[in-house]
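Take a look at it first, and then we can go through a few points together.

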Protein chains: 2
Amino acid sequence: MLHAVVMAGGSGKRFWPQSRQRRPKQVLAVGGTRPLIAETMARLDGLVPVEHTHIVTHQSQVGPLLAALGVGPAPSVIEEPYGRDTAACIGLAAVHVLRADPDGVMLVMPADQVIRPVERFQQVMRAAADIAAQGDALVTFGIKPTYPATGYGYVHRGSKVCDADGVPVYEVSRFREKPAKETAEDYLASGDYYWNSGIFCWRAATILDCLRRFTPDLYAALERIAGAIATIAEATVLRETYEPLEKISIDYAVMEKAETIRVVEADFEWSDVGSWASVARLRQADADAEGNVIAADAALVDVADSLVIGEDGHLIGVVGLDDVVVVHTPDATLVCAKDRAEDVKALVAALEKSGLKDYL
Amino acid sequence: MLHAVVMAGGSGKRFWPQSRQRRPKQVLAVGGTRPLIAETMARLDGLVPVEHTHIVTHQSQVGPLLAALGVGPAPSVIEEPYGRDTAACIGLAAVHVLRADPDGVMLVMPADQVIRPVERFQQVMRAAADIAAQGDALVTFGIKPTYPATGYGYVHRGSKVCDADGVPVYEVSRFREKPAKETAEDYLASGDYYWNSGIFCWRAATILDCLRRFTPDLYAALERIAGAIATIAEATVLRETYEPLEKISIDYAVMEKAETIRVVEADFEWSDVGSWASVARLRQADADAEGNVIAADAALVDVADSLVIGEDGHLIGVVGLDDVVVVHTPDATLVCAKDRAEDVKALVAALEKSGLKDYL
């Protein structure tokens, strides 16, 4: 059976001031009109039954996430007591899926991506799930790049393995970190590189076996947790085993070491909505003649290629600037060079260090 | 007797969003901690008795201005029903001064300049008042330029006339409009040019005689107004005569045509606080190591030479920008390139044209 695992543990510091400690990025409608988590759930509708859908998140974020989902059948929520990156998150989810379904196939995805159209997404996911169900392949999804992005990791594809329902499937030659501009241009020109989507598909048993071999400490913790599920000790064991875990991504922990990796070509529109700059890109269809995306009461004089986000009853006036991001909330305002949108994280770090913790 | 005429009719559009229709620039503490009008009144303390001090302003601004002055002896207020630039404003004040004092000498100044130190200001004003009282000279004040400003008009001095209490007094060779950068550099290098301060001194009878000769329509209106002062018809006559008046500055109406003009060298620190850029300059002593002047809860990452103004309880975060102005108020925020600060006026004009009049 196909299960969905939605990783919703991020805090989204780069989306300050809209995202805060108690209002993570996933509950924001940064890509459009619905919260990202609601978009993600809607994308699974018809592909995975809601009772087979698991949202993994930090305990403090359960309330905001369920509120963002609104009324309706609720997915199961797997609470992490500490954020320990994706290897632990996926391992914990695998333990729960395996317990419910020894043959369970997991479709793992972040909660904060924007993907269109839903129909093509589901077709590609089904093709991948078929491959994963047949054996021990770790299936990744490679997005056909549309521009030389420097903010994404890349997957260099190897030989073609097959077509699954018309979806091309390749071996993986190598994973590549976020490249410099020139390298990204080479990747784009070659046609052999995909953006690394952060979406995966595999049997729960397969990924747990990989964790056993590559991250024995994590695996030992997961075994303890598995033994405590649905007992009175569950919460305590989870806290005790999770706290000392190393923060390590599934990419480093498993993908770069495992043998049978496949990349499925994903030809849908995709964005990981990593920063305000990607929001500007996502909403480009709504831009005015000067390339400005405006979701605010605003007055602009000689402004181009900028993103202005506010709320009703507050005017944002901008004069003589290009490529800026202005985001206004009732208690905090961000003004940022668009090409420095990644560094909003540094701003939040500065707030953490300073006496301005009220704004976190 | 020496009278002071404080011209406080400006709306200060370039100081949006702190200045608004009902909160003109003069009531803002843009130069420091006290409202500009209060600074101006304090500057006259000991030079002109408060009962000989006249504030000329638009009817709608009387309340805010008096509120900004706080408790204490109030100056007389001359209300204009319409803003008709400085020739009309000064003519109206001259009518009132002459009525109270046929030999009255008027020291005319804008309400929104920052001048330091007060002692030197008063010494220079006294010297000028002596010259004005002796005859029919129109006395202007020339500020010794400290940098090649392109935002000020200049006065080219002619032959030296005398030293008045050690203050050099010159004939005026010519008034010059705001120059281009290169021209401003030549002016600065020559040593013969002053910034045109917008401060004047003359007998009320002298300036009215000039207006009679150079602007007969305005003079006719002033005669009608003079005849109606303290009668039941005063307000009606003022409205009727003022409304059709041409908007013309005292510089164009009189200074460029009159014969006996003197420029007194004013060696005090002076700024007309024309825009947010001049506020940044004025407050430079408070700047941090990166040249940022901050009067707000703020967190800055890679920001230099910028001005950030806000209010308690609202954080302003700026990332990766130089030479910007950010001003936050409860219902409106300005983000502006510092070298485009003059164009905040254009932003306000855009608001006037649009459906966003609530923010004016």
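1. Let's begin with a term: two residues are in contact if their C-beta atoms, placed from the backbone, lie within 7 Å. 100% of the interface residues of chain A are interface residues in chain B as well, so the copies meet through the same surface.

2. A word on the source: this is a predicted model, where local features need pLDDT of at least 70 and side-chain atom pairs count only at pLDDT 80 or more, while totals for chains, interfaces and linings use all residues. Residues are numbered from 1 along each chain as its sequence is written, and chains are lettered from A and ligands numbered from 1 in the order in which they are written.

3. How are the chains related? Superposing chain A on chain B takes a rotation of 180 degrees with 0.1 Å of shift along its axis (RMSD 0.1 Å), fitted by least squares on the C-alpha atoms of residues with pLDDT of at least 70 in both. That is the relation of a two-fold axis. In chain A, the C-alpha nearest the axis belongs to A:Val335, 3.8 Å from it.

4. Now the interface itself: 34 residues of chain A are in contact with 34 residues of chain B. On the chain A side, E17(A) gives the largest share, six residues. Helices (H or I, at least four residues) and strands (E, at least two) are DSSP runs, numbered from the N terminus.

5. Which strands does E17(A) pair with? Strands pair if DSSP finds at least two bridges between them. E16(A) (residues 324-329) runs antiparallel to E17(A) and is joined to it by six bridges, with A:His328 opposite A:Thr333. A hairpin through two residues connects E16(A) to E17(A).
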